[in-house]
Amino acid sequence: MGRGERGDLSDAEWERLRPFLPVSNGRCGRWRSHRQVIDGILHRVRTGVHWRDLPERFGPWKTVYERHRLRSADGTWERLLQQLQAAGRRGG
């Protein structure tokens with residue numbers, strides 16, 4: 001997947017998000033790239049496309065959907081937003 005696709009996270013944006021995301025515990029096998037999945041979620045939010053119609057460059061639609069659902073339920077997205085807002089207030 002090439003960087004620089006319209007609407008994808010820039011390298012700088014990714015570096016701000018990456019520290020707040022969960023790390024694989026190794027028990028579930030190899031995870032699909034958080035960056036690829038987040039780009040897929042953002043694409044869906046931006047375009048309104050159905051999950052099943054996500055472009056293949058984001059990986060399997062079901063993986064993107066499940067990761068979004070899981071991270072919504074476990075509070076990851078809310079914590080990430082709070083951390084980024086706090087960093088912004090500190091001038092980061």
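The expected span of a helix is 1.5 Å times one less than its number of residues, and helices here are DSSP runs of H or I with at least four residues, numbered from the N terminus. Welcome to a predicted model, where local features need pLDDT of at least 70, side-chain atom pairs count only at pLDDT 80 or more, and totals for chains, interfaces and linings use all residues. Residues are numbered from 1 along each chain as its sequence is written, and side-chain values use heavy atoms, leaving out hydrogens and water.

**Helix 4**
- Helix 4 (residues 76-89) has 14 residues that should span 20 Å, and its end C-alpha atoms are 20 Å apart, which agrees.
- The buried residues of helix 4 (under 20% relative accessible area, with exposed over 50% and partly exposed in between; 1.4 Å probe, protein chains only) are T76, L80, A86 and A87.
- They cover an arc of only 130° around the axis, which puts them on the same side of helix 4; the arc is that of the directions from the helix axis to the C-beta atoms.
- Just after helix 4, G91 takes a positive phi of about 90°.

**Salt bridges**
- A salt bridge is a side-chain nitrogen of Lys or Arg within 4 Å of a carboxyl oxygen of Asp or Glu, and the count comes to five.
- One of them joins D8 and R57, with the closest N and O atoms 2.8 Å apart.
- D8 lies in the segment before helix 1 and R57 in the loop between helix 2 and helix 3, so the pair ties together parts 49 residues apart in sequence.
- D8 is buried at 11% relative accessibility, whereas R57 is partly exposed at 24%.

Key: Helices (H or I, at least four residues) and strands (E, at least two) are DSSP runs, numbered from the N terminus.
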